[in-house]
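Let's take a walk through this structure together. Keep the sequence and the model side by side as you read.

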Amino acid sequence: MSAAKKSGLSRRGFLKSVGIGGASALLPGTVRAVQKGEELATLLDLSKCIGCGECVYACRDVNADRYPEPKKPFPVMHPEKRVKVEDWSDRRDVDDRLTPYNWLYIQTAEVEHEGKSHTVHVPRRCMHCRNAPCANLCPFGACGTDERGITFINDKVCLGGAKCRSVCPWDIPQRQSGVGLYRSLMPGFAGNGVMYKCDRCRERIADGKTPGCIEVCPVQVQTIGPRREILRRAEALAEKTGGFLYGADENGGTNTFYVSPVPFELLNDAVEKGKGRPHLGPVKDLMEDENALATATLLAPVAGIAAGMLGLGSALFGQEDDNEG
């Protein structure tokens, strides 16, 4: 359950209490860069986050029409236990972890550092790695990284095999069974659904708008802009406040930078981890591994062909009309 719910604050009650008139208010100091080909990054100042959950609500509001609507009963897999059914359609209100219906959630850590007690709230979602294993190693080309450094999953092509999750250092993508092309293509033998995760409001950014989670934040936790500028801001903030930076080097570098008033190893020890709850520990560059590089090199042409064929299959089987993400 979100921090806002735990504290008894309703969404509108909280907005009223802090004097925010509406969710569309733009935040002063937010950098918006949507020039073609410009790699974007976000900086999250964790010293500001109050755990209100507004970013979680906004993510759900903005993406509501993209959420999966599964068809039941689900096709039986062959062999039956080859790919596990994952069904969140009756648990859509879960907000204390990542799910196919909750692409952003808030971790909370209670830690002691230098003789002081700290409560740190950490908004968690896809890190948008610069050299993302999910984009490089998806065998069907369903996952990719665009020119702005946003990693995304094409729900019209994804078969739900979860390769993206297995190679993600933080296990971010989540599967919903009973949706997607596999039902029409290979219902008993394909991946058993579609994988879902944050794509940083990719369509909004393309339209010159700000991601929903950033736009509604009442205390300006996040800033988005050109990666070089945002990284400079993150490094300067960490130096000025004696804080700690996460995301600049993890997995070879991401487009999400956290600056925390306490070391991330303390946060990692304190936060709840497990399925749908990413860690905050160090991560080596997975794509530096020779096996991963070789696999990516071999998969690239195959995945491109597969994506094209599956895209054609999606059009032929009318997936656009099935409201599957």
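How many disulfides does the structure hold? The answer is zero, where a disulfide is a pair of cysteine sulfur atoms within 2.5 Å. Look at Cys126: the closest cysteine sulfur, in Cys198, is 5.8 Å from its own, which is too far for a bond. Cys213 is in no disulfide either, as the nearest cysteine sulfur, that of Cys201, lies 6.1 Å away. Cys126 has a relative accessible area of 7% and is therefore buried, while Cys213, at 12%, also counts as buried. Here buried means under 20% relative accessible area, exposed over 50%, and partly exposed in between, with a 1.4 Å probe and protein chains only.

A word on what you are viewing: this is a predicted model, in which local features need pLDDT of at least 70 and side-chain atom pairs count only at pLDDT 80 or more, while totals for chains, interfaces and linings use all residues. Residues are numbered from 1 along each chain as its sequence is written, and side-chain values use heavy atoms, with hydrogens and water left out.

Now step back to the whole chain. It has eleven helices and ten strands; these are DSSP runs numbered from the N terminus, helices being H or I with at least four residues and strands E with at least two. Of its 325 residues, 54% count as buried. Among contacts (heavy atoms within 4.5 Å) between residues at least 6 apart in sequence, 72% join residues at least 24 apart.

You will find Asn102 in the loop between helix 3 (54–63) and strand 2 (105–113). With a relative accessible area of 1%, Asn102 is buried. Beyond its neighbours within four places in sequence, Asn102 is in contact with Val56, Arg60, Val94, Asp95 and Arg97. A polar atom of the Asn102 side chain also lies 3.1 Å from the backbone oxygen of Leu104. Gln174 is 72 residues apart from Asn102 along the chain, yet their C-alpha atoms are separated by 9.4 Å.

Finally, turn to Met186, in the loop between helix 6 (182–185) and strand 7 (194–196). At 35% relative accessibility, Met186 counts as partly exposed. Together with Leu185 and Phe189, Met186 makes a nonpolar surface patch of about 280 Å².

Methods
Patches are made of residues with over 30% relative accessible area and no salt bridge: like charges are joined within 9 Å, nonpolar side chains (Val, Leu, Ile, Met, Phe, Trp, Tyr) within 5 Å. Accessible areas come from the Shrake-Rupley method with a 1.4 Å probe; for residues, only the protein chains shown count as cover. A salt bridge is a side-chain nitrogen of Lys or Arg within 4 Å of a carboxyl oxygen of Asp or Glu. A polar contact is a pair of N or O atoms within 3.5 Å; within protein, one must be able to donate a hydrogen and the other to accept it, and residues adjacent in sequence count only if both atoms are side-chain atoms.
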